[in-house]
Amino acid sequence: MTTSNKSTGMKINPDLAHERSKCSFVVEDFAEFWNGGKEKLEEKRWRENFFLRDPELKPEIPLEYLSHKEKFEEATRMSTIGFRKVRELRDLGKDGIDTYMALLSGNLGSGITPDGSPFALHYIMFLPTLMGQATPEQQAEWMGRAWSCNIIGTYAQTELGHGTFIRGLETTATYDPKTEEFVLHSPTLTAYKWWPGGLAHTANYAVVVAQLYTKGQHHGIFPFIVQLRDEETHMPLPGIKVGEIGAKLGMNSVNNGFLGFDNVRIPRKNMLMKNAQVEKDGTFIKAPSSVLTYGTMMFVRVVIVRDMANYLSKAATIAVRYSAVRRQSPINPGEPEPQIMDHVTQQLKLFPQIAKSIAFRMTADYLWNMYNQVTTELDKGDLDRLPELHGMACCLKAITTSDATAAVEICRLACGGHGYLSCSSFPLTYGFTTAAMTYEGENTVLLLQTARYLMKMWLAASQGETLPPTVAYLRRNFKSTMEAKRPKWDKSIPGIINAFETCAAG
């Protein structure tokens, strides 16, 4: 016996329907909260219907049966259709930021391109870098073409020999005042850019991070816009050595590539000069803060936290639904097999993952709002909260990726043999979460960055200085910690928060 879902016409397993009927809260209320209100929820449902009911966005052959080359081609096809439909939404006035977030780092996107999109870095890193690092004149030249996808970009920073240690990058950009050009060069094999998504075959432009030299002096790393391929033929330009790095544990349709330069010349105006500049004669004008160069990485770390909330909620949903319909092992002799969700051991595995996904999502929203606030302050020349945002983004990127990766594996194991099947979505989901533990900052290094920031703030607390809001608890707890005093336990919400702060300070 089954029941029917009127909105989709799909049959619902009676065990699942029974579990849903026992819910102690109004599901629609939670859905509205989760999606940011009733209007946002309606937009989400309309958007998913708009995309997922399109027959062109249904693959003819399951992804796992395709070759490496075919996976890329299928992801390119699906992404192209997806963004063509975004243009349709643009005509309807419905192509807001939520649509792009859903397609690029949300569950909708993972439904259309399950193993990643070769266009992801164009939107997630190339465009944000132009918005954050380019002057108004440079934005006027590049943003229109990039936003309309007349050019496709990627972000080339990590090299074969250097990832986490950004200051050690080997790619050089040497300014030639005679021609007013920068000469980009890869002096060694380890200087080749390695890992940028979309670089292998998709992108024809890249933001390239390189060591800047002018007038014989070294000034550190800075971003440059570099054309990689001819816009008509798509063939690599002279001096550009580009290709694919090969198959990976996951994200095999992201089209990761390598990139080398053999004395490639680009115009002076192709250095992104919002923060630091090189004048025509080669004079270097320093940025107000070197951290501003890392703005794109900070943005991506903020996005990653939301990604982890999405992937974990997806894994938890799959495992919980499975646990409601799968029956196994009678608890008492002679009784029918219960739903495995009735086993306390299963609850101990899955309930914490549901709680984590909610905590991750609320934290991601907080961090996103904080990022937007600090970015607004930066545009006004206020750098006060930049270190706080950096410390927070480093910490949360590391914690959410490691916790989500472990949680996805818990959810997979909770589904027994069925979790081992590709159709469970666990292998692809795990591939995304475990990859995020490494890209945009290796987790151990990021945790050490967080530790360094906290040590600085603890020293500031000991000296009675005013601390940023997210670490203000350190000063409040400094005296009691030194005197080994603890506030009395209060089981109210503020009391629980105070207890967390006291433990963290200790």
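1. Helices in this note are DSSP runs of H or I of at least four residues, numbered from the N terminus. The model is a predicted one, in which local features need pLDDT of at least 70 and side-chain atom pairs count only at pLDDT 80 or more, while totals for chains, interfaces and linings use all residues. Residues are numbered from 1 along each chain as its sequence is written, and side-chain values use heavy atoms, with hydrogens and water left out.

2. Phe-33 is found in helix α2 and is partly exposed, its relative accessible area being 46% (partly exposed lies between buried, under 20%, and exposed, over 50%, with a 1.4 Å probe and protein chains only). Together with Phe-25, Val-27, Phe-30 and Met-362, Phe-33 makes a nonpolar surface patch of about 490 Å², to which α2 gives the largest share, three residues. Such a patch joins nonpolar side chains within 5 Å, from residues with over 30% relative accessible area and no salt bridge (a Lys or Arg side-chain nitrogen within 4 Å of an Asp or Glu carboxyl oxygen).

3. In helix α3 the buried residues are Leu-41, Arg-47, Phe-50 and Phe-51, and these pack against α2, α4, α5 and α6, where contact means heavy atoms within 4.5 Å.

4. Phe-51, Phe-83 and Leu-130 have the most contacts inside the largest nonpolar core, which has 66 residues (a core is a set of buried Ala, Val, Leu, Ile, Met, Phe, Trp, Tyr and Cys residues joined through side-chain atoms within 4.5 Å). Helix α9, residues 295-325, gives the most to this core, with 11 residues.

Notes. Helix = DSSP H or I, 4+ residues; strand = E, 2+ residues; numbered from the N terminus. Patch = residues over 30% accessible without salt bridge, like charges linked within 9 Å, V, L, I, M, F, W, Y side chains within 5 Å. Areas by Shrake-Rupley, 256 points an atom, 1.4 Å probe, with all protein chains shown as cover.
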